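I will jot down what I look up as I go, and keep it short.

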Amino acid sequence: MFRRIACAALLAAGLAVAGCSDKINPVTPTSTAITETFTGTLSPANATTHSFTTLTGGPIKATLAAVGPDNTKNVGFSLGTFNPTLNTCTAVLDNPAATQSFQFSATASTIGSYCVRIYDNGNVTTDGVDYTYTVTVVHPQ
């Protein structure tokens, strides 16, 4: 009887040691990129902010896809971090003279709230008409 218990204990210990020597590869979560489209109207001397949330780290591309009525005009365009408590966008990247098709490329290091901001850099006020715009943001979901 003692011999069976000893054999069983030895077998269990051997399996435990063998189990420890197996290399386990961690599973890396894959992020899925999604595209969000924001449209709106920019009035003279104003700004508009759109926020989005990433659920993991990864690349972010924010594109000023369209601006009008004259697509040769430029506006201020920013990409930054968003504080939902204060409802504020803190610009990290900024182009005060972005034209249609301008793109920011950045990397989110972790889950977070981010934003794009469109603002009148003086052109909308000078022209005296509202501008329409479309911004697309591709980010990790």
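**Entry 1: the disulfide.** I began with the cysteines and found that Cys89 and Cys115 form a disulfide, with their sulfur atoms 2.0 Å apart. The term stands for a pair of cysteine sulfur atoms within 2.5 Å. I searched the whole structure and it holds one disulfide. The torsion about the S-S bond of Cys89 and Cys115 is about 85 degrees, so I noted the disulfide as right-handed. The pair links distant parts of the chain, since Cys89 sits in strand E5 and Cys115 in strand E7, 26 residues apart. Strands (E, at least two residues) and helices (H or I, at least four) are DSSP runs, numbered from the N terminus.

Are these two cysteines buried or exposed? Cys89 is buried, and Cys115 is buried too. For this I use relative accessible area: buried is under 20%, exposed is over 50%, and partly exposed is in between (1.4 Å probe, protein chains only).

**Entry 2: what I am looking at.** A reminder to myself: this is a predicted model, where local features need pLDDT of at least 70 and side-chain atom pairs count only at pLDDT 80 or more, while totals for chains, interfaces and linings use all residues. Residues are numbered from 1 along each chain as its sequence is written, and side-chain values use heavy atoms, with hydrogens and water left out.

**Entry 3: the whole chain.** I listed two helices and eight strands. From the N terminus on, the order is α-β-β-β-β-β-β-β-α-β. The chain has 141 residues, and buried ones make up 27% of them. It exposes about 8,500 Å², of which carbon and sulfur atoms supply 58%; the areas come from the Shrake-Rupley method with a 1.4 Å probe, and for residues only the protein chains shown count as cover. I also looked at contacts (heavy atoms within 4.5 Å). Among those between residues at least 6 apart in sequence, 79% join residues at least 24 apart.

**Entry 4: an open sheet.** Which strands form the open sheet, and in what order? Four strands do, in the order E2-E7-E4-E5, and the pairing is antiparallel. The edge strands are E2 (47-54) and E5 (88-98), each of which pairs on one side only. From one strand to the next the twist averages 20 degrees. Axes here are lines fitted to C-alpha atoms, for helices over the stretch in contact, and angles run from 0 to 180 degrees between N-to-C directions.

Two strands pair if DSSP finds at least two bridges between them. E4 and E5 pair in the antiparallel sense over eight bridges. In this pairing I found Phe82 opposite Cys89 in E5.

Entry 5: Arg117 lies in strand E7 and counts as partly exposed, at 28% relative accessibility. Leaving aside neighbours within four places in sequence, Arg117 is in contact with several residues, including Ala47, Phe77 and Cys89. Arg117 and Phe77 are 40 residues apart in sequence, yet 5.7 Å apart in space, C-alpha to C-alpha.

Ala91 is in strand E5 and is partly exposed, with a relative accessible area of 45%. Not counting residues up to four places away in sequence, Ala91 touches Ser78, Leu79 and Gly80.

**Entry 6: the core.** The largest nonpolar core has 21 residues, and those with the most contacts inside it are Phe77 and Val116. Such a core is a set of buried Ala, Val, Leu, Ile, Met, Phe, Trp, Tyr and Cys residues joined through side-chain atoms within 4.5 Å. Strands E1, E3, E4, E6, E7 and E8 each give two or more residues to this core.

Entry 7: I checked the peptide bonds and found a cis one joining Gly68 and Pro69, with omega about 25 degrees. Pro69 is in the loop between E3 and E4.

Next I looked for positive phi outside glycine. Phi of Ala45 is near 60 degrees. Ala45 is in the loop between E1 and E2 and is exposed, with a relative accessible area of 64%. Ser101 has a positive phi of about 85 degrees. Its place is in the loop between E5 and E6, and Ser101 is exposed at 54%.
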